[in-house]
Amino acid sequence: MNASVTLNSELPTSKVDVTNDHAIEVRDLWMTFPGKRKGEQVHVLENVNLSVKRGEFVCIVGPSGCGKSTLLNIIGGFLKQSSGTAVVEGKPVTGPDPKRIFVFQENGVFPWLTVEDNVGFGLSDKSEKERSEIVRHYIDMVSLTGFEKSYPRELSGGMRQRVEIARALASAPDIIYMDEPFGALDFITRLKMRADLVRIWQEEKKTILFVTHDIEEAVQLADTVLVMSRRPATVQLSLPIDIPRPRDLDSHGYLAARDRIFREMGMSLKVGG
Ligand SMILES: Nc1ncnc2c1ncn2[C@@H]1O[C@H](COP(=O)(O)OP(=O)(O)OP(=O)(O)O)[C@@H](O)[C@H]1O
């Protein structure tokens with residue numbers, strides 16, 4: 001995709017603080033929700049610490065209900081923590097920021113807009129020419145060229161997630177937060193989407209913080225996998241995945257990293273083990 005590299009240099013880039021290479025820093029973060037009964041409290045996060053470098057792809061895994069989405073929502077500014085700090089691009093998080101985009105599992109695309117209007121949705125400040133160049137670029141990047149005039153109902157689930165990823169990228173975010181973005185897709189589509197996301201990330205070098213319950217997905221995608229403990233959850237392991245991409249899922253390094261995380265989570269790959 002040489003053409004996209006050239007065009008990319010003309011696309012808007014977000015201003016970032018280059019004095020610190022950390023995009024995200026979380027320190028001593030605690031989160032408690034009120035429980036169902038009067039006076040009851042649900043302790044979800046306990047003393048969470050993590051750092052994400054600018055341009056890094058970090059996956060968060062952990063047991064169901066441990067607080068992965070809660071952590072992402074605090075970092076994304078949708079929830080206020082009980083104590084501790086979340087600092088993004090050098091500033092404490094006080095609320096959602098349009099420079100940081102969420103991609104969820106559920107369909108986030110607008111059903112009443114075509115693919116090109118969905119992708120260009122956040123670009124009303126651009127000239128018509130700029131907007132159509134950016135839209136074309138990202139539609140091409142997610143392999144949806146030819147579907148510009150289609151409506152979401154005419155697309156498969158995987159294609160709709162591609163539209164959402166293109167829309168996220170088109171708005172030139174500093175950071176993309178992804179919460180189980182492929183969770184609703186079938187196995188084969190998931191594999192294809194993972195491979196495509198790795199390619200797109202290598203082209204764009206955005207900071208990505210990606211929540212998944214799928215350990216294999218995390219090891220395939222991430223520079224670093226953060227393993228959370230059961231609730232009240234903390235980061236119990238930060239595992240760098242130093243394997244070149246695209247990753248061979250039969251390689252020793254891949255299998256060793258995957259098994260290390262399974263063991264950390266107290267799981268065995270052996271049936272009946
Ligand atoms: N607004 C809320 N009020 C009360 N409790 C909440 C709230 N949001 C989340 N919780 C509780 O916090 C815990 C963590 O939820 P969260 O969705 O963050 O976990 P998760 O690790 O993302 O789960 P999963 O892997 O199943 O998606 C759960 O017990 C949930 O019921």
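**Helix packing and the ligand shell**

Modeller: H5 and helix H6 (residues 187-204) pack with their axes 11 Å apart, at an angle of about 15 degrees. The model is a predicted one, in which local features need pLDDT of at least 70 and side-chain atom pairs count only at pLDDT 80 or more, while totals for chains, interfaces and linings use all residues. Residues are numbered from 1 along each chain as its sequence is written.

Biologist: How are the elements and the axes defined?

Modeller: Helices (H or I, at least four residues) and strands (E, at least two) are DSSP runs, numbered from the N terminus. Axes are lines fitted to C-alpha atoms, for helices over the stretch in contact, and angles run from 0 to 180 degrees between N-to-C directions. Angles under 35 degrees count as roughly parallel, over 145 as roughly antiparallel, 65 to 115 as roughly perpendicular and the rest as oblique. The angle of about 15 degrees therefore makes H5 roughly parallel to H6.

Biologist: What is the handedness of the crossing of H5 and H6, and which residues meet there?

Modeller: A crossing is left-handed if the near helix is turned anticlockwise from the far one by less than a right angle, and right-handed if clockwise. The crossing of H5 and H6 is right-handed. Contact requires C-beta atoms, placed from the backbone, to lie within 7 Å. On H5, Gly 157, Gly 158, Gln 161, Ile 165 and Leu 169 take part, and they meet Thr 189, Lys 192, Met 193, Ile 200 and Glu 204 of H6. For classes, Ala, Val, Leu, Ile, Met, Phe, Trp, Tyr, Cys and Pro count as nonpolar, Asp, Glu, Lys and Arg as charged, and the others, Gly among them, as polar. The contact of H5 with H6 has four nonpolar, four polar and two charged residues.

Biologist: At what angle do the axes of H4 and H5 cross?

Modeller: Helix H4 (residues 128-141) and helix H5 (residues 157-170) have axes that come within 9 Å and cross at roughly 140 degrees. H4 is therefore oblique to H5. Their crossing is right-handed. H4 contributes Ile 134, Val 135, Tyr 138, Ile 139 and Met 141 to the contact, and H5 contributes Ala 166, Leu 169 and Ala 170. This contact has eight nonpolar, no polar and no charged residues.

Biologist: Where is Ser 143 placed?

Modeller: Ser 143 lies in the loop between H4 and H5. Although Ser 143 is not a glycine, its phi is positive, at about 60 degrees.

Biologist: Which elements each supply at least two residues of the shell around the ligand?

Modeller: A residue is near a molecule if its C-beta atom, placed from the backbone, lies within 6 Å of it. Strand E2 (41-53) and helix H2 (68-75) each supply at least two residues of the shell, and H2 gives the most, with three. Among the surrounding residues are Phe 33, Val 42, Val 44, Lys 68, Ser 69, Thr 70 and His 213. By class, the shell has four nonpolar, seven polar and one charged residues.

Biologist: Which peptide bond is cis, with omega near -10 degrees?

Modeller: That bond runs from Arg 231 to Pro 232. Pro 232 is found in the loop between strand E9 (224-228) and strand E10 (235-240).

Definitions and conventions: Contact = placed C-beta atoms within 7 Å.
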